Amino acid sequence: MTEFKNTDHTDREARIDAYLWDPSADPVAEVQEVERRLVSLRPSRVDAPRVWQSHERARAPRPRRNWLIGLAAAASLLAALGWITTQWRWSWPAGRAWTIAAATASLPNQLNVGAALTLSGSDRADVKIARIGTLQVEGDARLTLQSTQGVRHRLTLDRGTVRVRVWAPPGSVVFRTPAGEVIDLGCEFDLTAEPSRSIVHVRSGWVQLENGVAETLVPAGATSEMTTGRAPTVPVYADANPRFIEAVLALQNADTADRAAALATVRSLARERDVLTLLMLVARNLPGSSELATRAAELFPPPSGVTVNGIIRGDRDGLWRWRETLPLPPPKGWIRNWRDALPLWLSGR
Amino acid sequence: MSDDLPGLVRAAARGNREAFGDLYGRFHRAVHGVLIARLPSDAAEDVVQDVFMHAFTHLKDLREPVAFGAWICAIARRRAVDHYRRERPTAELVDNVAASDKPDVTAEAHAALSAIHELPEAYRETLVLRLVEGLSGPEIAALTGLTPDSVRVNLHRGFRLLRERLGVPV
């Protein structure tokens with residue numbers, strides 16, 4: 001507690017009044033004591049710009065909020081446009097003829113249901129597959145539109161080569177060829193049909209080959225052949241060693257004389273990417289499957305719980321699990337191949 | 001206090017940031033004093049910003065630039081009333097918490113401010129402007145619109161009462 005001098009009361013009051021009136025006058029202890037107690041209440045120095053900035057913030061538009069609203073509106077608009085466009089693409093009246101967008105002068109400008117489009121020599125035609133894709137056919141070919149409706153379109157390719165681009169749910173387009181059926185799973189592929197053989201090379205997505213003997217799935221980058229009365233060959237990547245491709249075909253041909261040489265070639269030339277081919281050969285239970293499974297495990301080990309011995313003993317579930325661990329897109333993931341909905345010149349292919 | 005004041009006010013009204021900064025520098029203590037005479041100290045600092053924002057956006061309504069001080073103090077009084085009505089429970093709570101967290105100087109200051117708040121209304125603002133903000137009698141008179149004699153009387157009587165309540169030895 002501060003001690004104060006005992007001075008004349010009137011004089012002290014006058015000095016207090018003087019100091020209260022003018023802080024630069026002689027200080028008085030009583031007033032200074034009260035000032036001391038109150039000093040911590042003096043305003044902290046806040047620069048005027050803070051006030052100014054608060055004002056400007058209050059007046060400024062809210063860009064973040066506007067940005068979010070704009071983004072949400074754009075997303076909603078895109079979703080609505082996407083839904084409308086999809087519904088439009090997937091709708092196609094039953095039996096309506098397809099448009100032939102460009103063709104050799106001698107060819108018709110539309111493809112009617114039941115009518116065959118026959119080409120020869122240097123003929124070429126660009127056909128619109130309803131609203132879901134395109135088809136190019138050229139050379140010596142015969143193509144018939146069997147049926148068309150919505151996202152279910154069936155054709156027969158008796159001979160010739162077509163290049164098909166479809167972006168639609170799996171099974172929308174099916175080609176019947178002399179050697180079996182070729183089913184699109186949302187993809188781009190080349191199909192060549194001969195009197196007893198069909199060859200498919202897949203550019204994107206997956207294609208299914210199926211005849212009365214077996215069926216096989218072919219991923220992008222791979223090729224498979226289907227011959228009348230035989231299972232479709234296992235898919236083999238087109239960029240594999242040509243000797244590897246030849247040996248894979250030889251292993252699937254019952255007439256091959258030197259199977260041991262073919263087996264040795266396959267084992268020696270297989271790459272990590274070719275493990276799919278090896279596993280699908282193993283699934284066929286061909287002679288040498290144990291060596292192929294062992295080589296596959298060396299290149300791409302099976303998942304936990306799956307063993308080579310188990311596979312050799314016939315563990316089919318384990319084989320599928322192994323195959324599913326390979327770095328491949330899902331066969332029914334057609335929606336990923338959205339580039340197939342773009343014009344060819346825009347798709348980057 | 002009135003040197004260049006009309007010019008500063010007119011410049012600030014035209015959007016001159018520097019002029020507004022000068023006005024803030026000159027008057028923020030007075031505004032703070034008007035507010036702290038009515039509100040808990042924590043609330044007062046926030047309302048100061050609010051008062052100047054309001055003043056800045058309504059400067060064109062001020063007909064006599066030389067009366068800026070009295071005008072902004074009047075705004076502060078209205079804002080204090082609005083704030084007190086709107087946020088009294090919270091403000092009191094914040095004040096109490098602040099006092100309990102800082103038991104020494106701050107607690108002493110809050111006790112002194114509470115004593116001022118218990119004085120007759122006529123003395124509160126004058127005393128705070130002098131004892132907290134350090135303004136002189138003539139400055140207080142110019143800002144509050146009171147006559148110099150009224151300021152003298154308020155300071156004299158108000159301080160006697162405050163001194164007694166605080167138990168400041170004579």
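1. Let's start with one residue in this predicted model. A:Arg142 has a relative accessibility of 33%, so this arginine counts as partly exposed. Its salt-bridge partner is A:Asp158, and the closest N and O atoms of the two are 3.2 Å apart. A:Arg142 sits in strand β5 (residues 133-149) of chain A and A:Asp158 in strand β6 (residues 152-166) of chain A, so the pair ties together parts that are 16 residues apart in sequence. A:Asp158, at 30% relative accessibility, is partly exposed too.

2. Here is another pair to find on your screen. A:Asp190 and A:Arg203 form a salt bridge with 2.8 Å between the closest N and O atoms. Because A:Asp190 belongs to strand β9 (residues 188-193) of chain A and A:Arg203 to strand β10 (residues 197-204) of chain A, this bridge ties together parts 13 residues apart in sequence.

3. How many salt bridges does a search of the whole structure find? Over all chains, the search finds 24. One of the pairs is A:Arg124 with A:Asp126, at 3.4 Å from N to O; A:Arg124 is partly exposed, with a relative accessible area of 34%. There is also a network of salt bridges linking A:Glu33, A:Arg36, A:Arg37 and B:Glu108.

4. Now for a pair of helices. In chain A, the axes of helix α7 (residues 275-283) and helix α10 (residues 316-324) come within 10 Å and cross at roughly 165°. The two helices are therefore roughly antiparallel to each other, and α7(A) passes α10(A) in a left-handed crossing. From α7(A), the contact uses A:Leu276, A:Leu279, A:Met280, A:Val282 and A:Ala283; from α10(A), A:Arg316, A:Leu319, A:Trp322 and A:Arg323. By class, this contact has 7 nonpolar, no polar and 2 charged residues.

5. Take a look at the loop between α7 and α8 (289-299) of chain A, where you will find A:Asn285. With a relative accessible area of 62%, A:Asn285 is exposed. A:Asn285 and A:Ile312 are 27 residues apart in sequence, and their C-alpha atoms are 8.8 Å apart in space.

6. Finally, turn to chain B. Which residues of helix α7 (residues 137-144) of chain B are buried? They are B:Gly137, B:Ile140, B:Ala141, B:Leu143 and B:Thr144. Just after α7(B) comes B:Gly145, with a positive phi of about 85°.

Definitions and conventions: Residues are numbered from 1 along each chain as its sequence is written. Chains are lettered from A and ligands numbered from 1 in the order in which they are written. This is a predicted model: local features need pLDDT of at least 70, side-chain atom pairs count only at pLDDT 80 or more; totals for chains, interfaces and linings use all residues. Side-chain values use heavy atoms; hydrogens and water are left out. Axes are lines fitted to C-alpha atoms, for helices over the stretch in contact, and angles run from 0 to 180 degrees between N-to-C directions. Helices (H or I, at least four residues) and strands (E, at least two) are DSSP runs, numbered from the N terminus. Angles under 35 degrees count as roughly parallel, over 145 as roughly antiparallel, 65 to 115 as roughly perpendicular and the rest as oblique. A crossing is left-handed if the near helix is turned anticlockwise from the far one by less than a right angle, and right-handed if clockwise. Contact means heavy atoms within 4.5 Å. Ala, Val, Leu, Ile, Met, Phe, Trp, Tyr, Cys and Pro count as nonpolar, Asp, Glu, Lys and Arg as charged, and the others, Gly among them, as polar. Buried means under 20% relative accessible area, exposed over 50%, partly exposed in between (1.4 Å probe, protein chains only). A salt bridge is a side-chain nitrogen of Lys or Arg within 4 Å of a carboxyl oxygen of Asp or Glu.
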